[in-house]
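Work through the exercises below with the structure open. Each task is followed by its solution.

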Amino acid sequence: MKGLPLSPLRGRGLIIGVPWFWLGLFFLLPFLFVLKISLSEPVLAQPPYMDLIREVEDGLVSISVNFGNYLLLWEDPLYRGALFGSLKISAISTLFCLLFGYPMAYAIARAPSHWRLPLLMLIILPFWTSFLIRVYAWIGILKGNGLLNNFLIWSGLIDQPLEILHTPLAVYIGIVYSYLPFVVLPLYATLVRLDLTLLEAAADLGCRPWKQFLTITLPLSLPGVIAGGMLVFIPVVGEFVIPDLLGGPDTLMIGKLMWTEFFSNKDWPLASSLAAVLLVVLIIPFVALRHFEQREEAV
Amino acid sequence: MKAAISSVTTLALALSLATANLASAEELHVYNWSDYIAEDTVANFEQQTGIKVVYDVYDSNEVAEAKLLAGRSGYDLVFPTARPFADRHIQAGLYQKLDPSALTNYDNLDKVILNSLSDIDPGNQYLVPYMWGTTGIGINVDKVKEILGDDMPLDTWRLLFDPEIVSKLSACGVSLMDDSTEVLTAARAYLGKPVDDFSTEAINEAADVVNNVRQYVRYFHSSQYINDLANGDTCVAHGYSGDVLQARDRADEAGNGVNVAYVVPSEGAVVWTDVMVIPADAPNPAAAHKFINYLLDPAVIAPITNYVAYANANAAATELVDEEIRNDAGIYPPKETQEKLVVLKTPSERQIRVMNRAWTRIKTGQ
């Protein structure tokens, strides 16, 4: 034992250390920068915010922290409105992603095994085209004289083009389309590992298929539902491209507001405090989930 | 061991050769508006000078500004709008002074335009005017006449701000630019009030005008209307002169029967100038000077005007511009139109904030 150069504990520490180092360098450090800017004041200079720590005279240093941005975010209904708007759009999109994604994942998981890989490929294939181009393509489909309207008019179902582009509906279509694969993949991973003998046993004991699904398949696939849901919900809250390209002027989302603060108002501190608040809001469900899981394990 | 050493030396040699190559192939990083140069401009410059041009584009002043404010953008030459952007960039110390000895073609510039910039850039030390234009209205003439009748004058902001008229045009498509200053200024002109009053009351007054028609506006965007006008997807668009004229030309080329026109409203409109500037931290200011001087050559800038449908700031180039473009009232406005044009003053930071707040409220319907 003495002669071992690396104790098992140290080896484990090293392996765990790598992701911690990664998180520290690419998440914590940038976040601290954002936090620092959020406590500063905007000025017309390069960079356009005041440094928190300034040298007044040689040797004499003054530190000024400005909480005014957070105060403004709290007091002004616009920012709260945008945050709730984003959370609402995100929640509804996540729900629809799960509604469409679950049957897809289920079908792939139950397909003959030689079909699964090609079917999964079809889910992943859109990623080979740039995200931006795929969202742009929806403009061509949804616009007044676009593919969808022209088809509907040609088929005689409608005689006036439907106004879909630049409405909330277009934003939902764009988001659900773009994020669907992120739901299907984790759901597939849990569903394909499901022990089918459980279903057989339930059927032997006279359980109807629908009840089998509700009492066995759905609860056992819950980790996939939660993972997929998080993968959609969290990035969609901060989504900027889809509401900007497909949404109308009244699509109030925090990502667009952040753009305005950062670019139009040149107020980097306020934009940074928006980002910091958003992060805290998104961490809450995570912490709650952890808490919930730990209690489950303890029982 | 010997083999290892020799491979290391070979590698070092290769690296030093590579750096030597990099140094000899001089690079110039240009950051310009999209669709704002002729197709062969850059290639001809590269051929003449041997300088490799890395050409990058943006579609809003704000995006270019954010890069400049962040610092170390890596760009040698940028083309912001003079007011309010270049104005405040000079104040923030973002640019370096030009070297007049490197700009041998400088005298070709229009003295009137140079003069108009001297209040924000005394002595013309930082800014070289590139192109100028107006912000007015792009119209799908046939559709608008069909809806409003032949008697309705089209050179008026009422097409965008009179609720009675805009409500009729709404189904056909009405768009405003996503630019608080441009839209609120136009709304002031519609009211017949001084356009560069940036007091909070004046801003709110203008915001009310926009709020009254907001429900009829399909979108707020500063470049999307080019395609939509050209394809006949929209009827009336608040936009830049050259962009609307590009839409007109695209519709002509496509032969889709869409008849686009640009008008400067009779109540008055904003005239703006885009300028060339060298950032203070530009890696290669010498090459940037060469490129500016190249663009100051009448034989170079005239074809660019022909291509982009914006008037250039080069007095010597006017006679080289295609007659059709030179006589286009939308590009080179006649005297009586020029009298209606106003130069915007730069609002203060606080006024900009008030304007952008009013703007966000308008757009989101809050």
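**Exercise 1. Locate the domains of chain B and state how far apart their centres lie.**

Solution. This is a predicted model. Next, take the C-alpha centres of domain 1 and domain 2 of chain B: they are 27 Å apart. Then list who touches whom. Domain 1 of chain B brings 14 residues to the contact, and domain 2 of chain B brings 21 residues.

**Exercise 2. Find the area buried between domain 1 and domain 2 of chain B, and the residues of domain 1 that lose the most.**

Solution. Start with the total: about 1,500 Å² is buried between the two domains of chain B. Carbon and sulfur atoms supply 52% of that area. Now turn to the side of domain 1. R83(B), W272(B) and Y310(B) lose the most area to domain 2 of chain B. Together they account for 37% of what the domain 1 side buries.

**Exercise 3. Count the salt bridges and polar contacts between the two domains of chain B, then describe the domain 1 side.**

Solution. First, the salt bridges between domain 1 and domain 2 of chain B: there are two. Separately, inspect the pair R250(B) and D35(B). Their closest N and O atoms are 3.6 Å apart, inside the 4 Å cut-off for a salt bridge. Second, eight residue pairs are in polar contact between the domains of chain B, both residues at pLDDT 80 or more. Third, look for the main contributor in domain 1 of chain B. Helix α4 (residues 82-91) of chain B gives the most to the side touching domain 2, with four residues. Last, sort that domain 1 side by residue class: seven nonpolar, one polar and six charged.

Key:
Residues are numbered from 1 along each chain as its sequence is written. Chains are lettered from A and ligands numbered from 1 in the order in which they are written. This is a predicted model: local features need pLDDT of at least 70, side-chain atom pairs count only at pLDDT 80 or more; totals for chains, interfaces and linings use all residues. Side-chain values use heavy atoms; hydrogens and water are left out. Domain bounds come from an automatic or database domain assignment. Contact means heavy atoms within 4.5 Å. Buried area is the accessible area (1.4 Å probe) that two parts lose on being put together, summed over both. A salt bridge is a side-chain nitrogen of Lys or Arg within 4 Å of a carboxyl oxygen of Asp or Glu. A polar contact is a pair of N or O atoms within 3.5 Å; within protein, one must be able to donate a hydrogen and the other to accept it, and residues adjacent in sequence count only if both atoms are side-chain atoms. Helices (H or I, at least four residues) and strands (E, at least two) are DSSP runs, numbered from the N terminus. Ala, Val, Leu, Ile, Met, Phe, Trp, Tyr, Cys and Pro count as nonpolar, Asp, Glu, Lys and Arg as charged, and the others, Gly among them, as polar.
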